Amino acid sequence: MFENSQETKTNLSELGEFGLIDHLTKNFAPKLTSTKKAIGDDAAILDFEDNQCIVTTDLLVEGVHFDLAYMPLKHLGYKAVMVNASDVYAMNGKATQITVSIAVSNRFPVEALEELYSGIELAANIYNIDVIGGDTTSSTSGLVISITALGIAKSEDVVYRSGAKPNDFLVVSGDLGAAYMGLQVLEREKQVFKANPNAQPDLDQYTYLIERQLKPEARKDIPPLLKELDVKPTSMIDISDGLSSEVIHLCKNSKTGVNLFEEKIPLDPAVISVCEEFKIDSTTIALSGGEDYELLFTISQEDYDKIKGNPNLTIIGHMTEENEGMHLITRANTKIPLIARGWNSMEKEEEED
Ligand SMILES: [Mg+2]
């Protein structure tokens, strides 16, 4: 969604590629001492001293990962940074620099790209990240954004997906399912708008859900919080695809099983009420919805007292021996195999067995 209401629409060809890069990146002055050279040379130069360097990259394609019918370009820029920063935090690191590359068709005027970059700039400022380079090129159809994020961690602090042990507690930050339900609300409004372009949507009661979809916040605060609590997770991953698929990643990488308790999964009241409205099971949404960008990790049982009662963290299960399998324990206290699709389809599968 291109929000510029002014008449000015500058064609991309008026600036040329180098002019465009200069124009879009003029506000990206480096803030971090580790950024020795940012934009303006053949390559950037970084100095992380005795830290390990974390690198992660993500590609966002119009029509596949985002829909500009309801995604404002500024939010898209913000979210593109969050998606990448979240992967750095999932290694228990600190995000420090990003490169931003875009392929764009000439249906986008310069002003549209300014909005995209203003979202990137906002995220970079709030999360204390330097934008150190990138590329722009033309695309025959839609918009493609590729961001590479760099981060740092002390070698002893890095957490992989592979370190969980049987009996470790499974912990999640924040709450789950809101981003997916925000998308459902936006999709519904898009259909209403198509049928009646004069319809004025009243989205007040969905504010939290829509914000979680359009303007997610990566959990920058969790690695320092864990450090402060003197807890080093045994394994960690961020939740981009839905809780069940991320739990399965931890189990497979760590060679463990899991018991995940349905009643412990943290849900915002707004998720519970919108799921009732859409007649969808809220557990299914938390398990399979995705895009929450919360952190999922395991801790050894002896660290239980350190995180107990922390409002940011919820214990949702515990790891088991690998041969015990991966299970969801429902509210009715039945044990269902955990698969990446959510538990309604699993129940069906069990009946078929
Ligand atoms: Mg990830």
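The structure is a predicted model, in which local features need pLDDT of at least 70 and side-chain atom pairs count only at pLDDT 80 or more, while totals for chains, interfaces and linings use all residues. Residues are numbered from 1 along each chain as its sequence is written. Helices (H or I, at least four residues) and strands (E, at least two) are DSSP runs, numbered from the N terminus. Helix α2 has 17 residues and reaches 24 Å from its first C-alpha to its last, close to the 24 Å expected at 1.5 Å a residue, where the expected span is 1.5 Å times one less than the number of residues.

In soluble globular proteins, nonpolar side chains tend to be buried together. Methionine 181 is in contact with Leu209, Val271, Val274, Cys275 and Ile285, leaving aside its neighbours within four places in sequence; two residues are in contact if their C-beta atoms, placed from the backbone, lie within 7 Å.

The two domains, whose bounds come from an automatic or database domain assignment, have centres separated by 27 Å, taken over C-alpha atoms. Their contact takes 16 residues from domain 1 and 17 residues from domain 2. On the side of domain 1 that touches domain 2, α2 again gives the most, with 8 residues. The residues of that side divide into 9 nonpolar, 4 polar and 3 charged, where Ala, Val, Leu, Ile, Met, Phe, Trp, Tyr, Cys and Pro count as nonpolar, Asp, Glu, Lys and Arg as charged, and the others, Gly among them, as polar.

Helix α2 also holds aspartate 87, which counts as buried with 22 C-beta neighbours inside 10 Å. Not counting residues up to four places away in sequence, aspartate 87 touches Thr56, Ala149 and Asp238. An unreviewed UniProt entry places the feature "binding site" at Asp42, Thr56 and Asp87; UniProt positions are given in the numbering used here, feature names are shortened, and annotations may be inferred rather than shown by experiment. These residues span 46 residues in sequence and their farthest two C-alpha atoms are 26.7 Å apart, so they do not all gather at one spot. Aspartate 42 is found in the loop between β1 (35-37) and β2 (45-46) and is exposed, with 6 other C-beta atoms within 10 Å.

The unreviewed entry's annotation "binding site" also covers Tyr117, Gly134, Asp135, Arg161 and Ser240. Glycine 134 is found in strand β5 (residues 130-138) and is buried, with 21 other C-beta atoms within 10 Å. Aspartate 135 lies in strand β5 too, but aspartate 135 is exposed, with 12 other C-beta atoms within 10 Å.

Notes:
Buried ≥ 20, exposed ≤ 12 C-beta atoms within 10 Å, placed from the backbone.
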